[in-house]
Amino acid sequence: MKTDIQIAQEATMKPITEVAEKLGISFDELELYGKYKAKITDEYLNRIKDKPDGKLVLVTAINPTPAGEGKTTTTVGLGQAFEKLGKKAIIALREPSLGPCFGIKGGAAGGGYAQVVPMEDLNLHFTGDFHAITTANNLLAAMLDNHIQQGNELGIDPRMVIHKRCLDMNDRALRNVVIGLGAKADGVVREDHFCITVASEIMAVLCLADDMEDLKARLGRIIVAYNYAGDPVTAEELGAVGSMAALLKDALKPNLIQTLENTPALVHGGPFANIAHGCNSVRATKAALKMADYCITEAGFGADLGAEKFLDIKCRMAGLKPDAIVLVATIRALKYNGGVPKTDLVPENLDALKKGIVNLEKHIENLQKYGVPVVVTLNSFVTDTEAETAYVKQFCEERGCDFALSEVWEKGGDGGIELAKAVLNTLETKESHYHPLYEDSLSLTEKIETLAKEIYGADGVNYSDAAKKQLKKLTELGFGNFPICVAKTQYSLSDDPTKLGRPSGYLLEVRECYVSAGAGFVVAITGQIMTMPGLPKAPAALNIDVVDGKITGLF
């Protein structure tokens, strides 16, 4: 069996100029990054801004398991299938982080015969967006510490600096560091912290910004620290906005690549969904809606994270209204949720399936609370039995969802025809009445408790003393109307990764809260979630190499 990278390296790619032509993009409206990658210029985005929007389809999934779900693979395959049916479709995805590529999760370009290419470029440096975001973030950190060193005119309390440096790599040793050691000229000694680039506020800001003017306004609102009087100090007060914007000028432009079957794909931005808002950029999604009749996008991890944040944060801020949601599951993952060990997932086991399908059930219920029609798809494996598939199909249809099998990993677009027809049927026969789960007017604690009870199935919330003080302070500062971005494990509906299925009878543990004032949301950190991951004992980096000029081992 060929690996994903082997399949990708054997693909026949079209020059990106040809892919762009299908969308009506001229050569002068592209900024080429080699033969197969390009950024779309502001001139083109301005030219299409008054075109009518196409249909917006969100792809999400049940909670991820070691058995695999295939959300990005399904997104790519669905886009390819739409084109097979003669529909004008475009895919809008996030860019992969280097952390998981060299860590445990692997790349994020899809899989099998449903991938975006060039796969190696996308998974590694791509067009340099993440490097620009990392550099802008760390420029802000450098200007902050330089300000303190050079007299501290703003009265910044070094014990109350909240802006973290970042790096797009899993490096646990950088979670908590001490800087400024050495001579007096080497800076003021203080404790500092790193997060991974995809968890940085600047990543969220770039992904939520409409244009350069909006980007600069959001950058200026970033709170970097508090002064001795307890008042916030912003990036604008440090004079850092212009230089950060200069670093982000090109990163703000969406990237155009293609699938294995030459379907256009916009891949732009990449916040993690377990520690950030988990969606590709607003600019790319809005552009995609103007460029094709159907935009198929995805949101990270399970629907309790990525989809909730797509629906409660991104859509709320950007004025987007999804027309349908595709919820991806696998028989194997459902059996895993039913208590079957990873080594025993192949044999038919209807009892475990019935026990584990409660995870899927909860996600269906959650998504239906937003008023958007849901299509459930099973990412098919050859080991799935007819009885298992029939049970899931009936289960979904009894809950008002269209159902389809997906075989896109094995067959590409041809394997997604059934799913594409189900999505089209839903779009044609069911109306979306999208609305966010909660109103802006609710208090921060009411919003957190709404998510805890309605989405995660908790009985309530237990706040640490620190979190209580932080929420009170943020409300006093005027951030009480912001939506909530919960940082939570992806492996469970709860904040405990070991609780599979549909946990109940527990309290959501909120240990810390802070505002991302530029992004426009309040972050609530739950359980033991970290904003800087670590590498596993045997990281994927051990298997990656360059042989005869080709990259090998990259997922």
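1. Helices (H or I, at least four residues) and strands (E, at least two) are DSSP runs, numbered from the N terminus, and two strands pair if DSSP finds at least two bridges between them. The model is predicted, so that local features need pLDDT of at least 70, side-chain atom pairs count only at pLDDT 80 or more, and totals for chains, interfaces and linings use all residues. Residues are numbered from 1 along each chain as its sequence is written, and side-chain values use heavy atoms, with hydrogens and water left out.

2. Strands β21 (residues 507–516) and β19 (residues 460–463) run parallel and are joined by four bridges, with G460 standing opposite L507 of β21.

3. Strand β21 is also joined to β22 (residues 521–526), here by six bridges in an antiparallel arrangement, and E512 stands opposite I525 of β22. These two strands form a hairpin with four residues between them, and G520 in the turn has a positive phi of about 100 degrees.

4. The axes of helices α7 (residues 129–149) and α10 (residues 241–248) come within 8 Å and cross at roughly 165 degrees, where axes are lines fitted to C-alpha atoms over the stretch in contact and angles run from 0 to 180 degrees between N-to-C directions. Because angles over 145 degrees count as roughly antiparallel, α7 and α10 are roughly antiparallel to each other.

5. In the contact between these helices (heavy atoms within 4.5 Å), residues of α7 including A132, L139 and M143 meet S243, M244, L247 and L248 of α10. By class, this contact of α7 with α10 has nine nonpolar, two polar and no charged residues, where Ala, Val, Leu, Ile, Met, Phe, Trp, Tyr, Cys and Pro count as nonpolar, Asp, Glu, Lys and Arg as charged, and the others, Gly among them, as polar.

Methods:
Angles under 35 degrees count as roughly parallel, over 145 as roughly antiparallel, 65 to 115 as roughly perpendicular and the rest as oblique.
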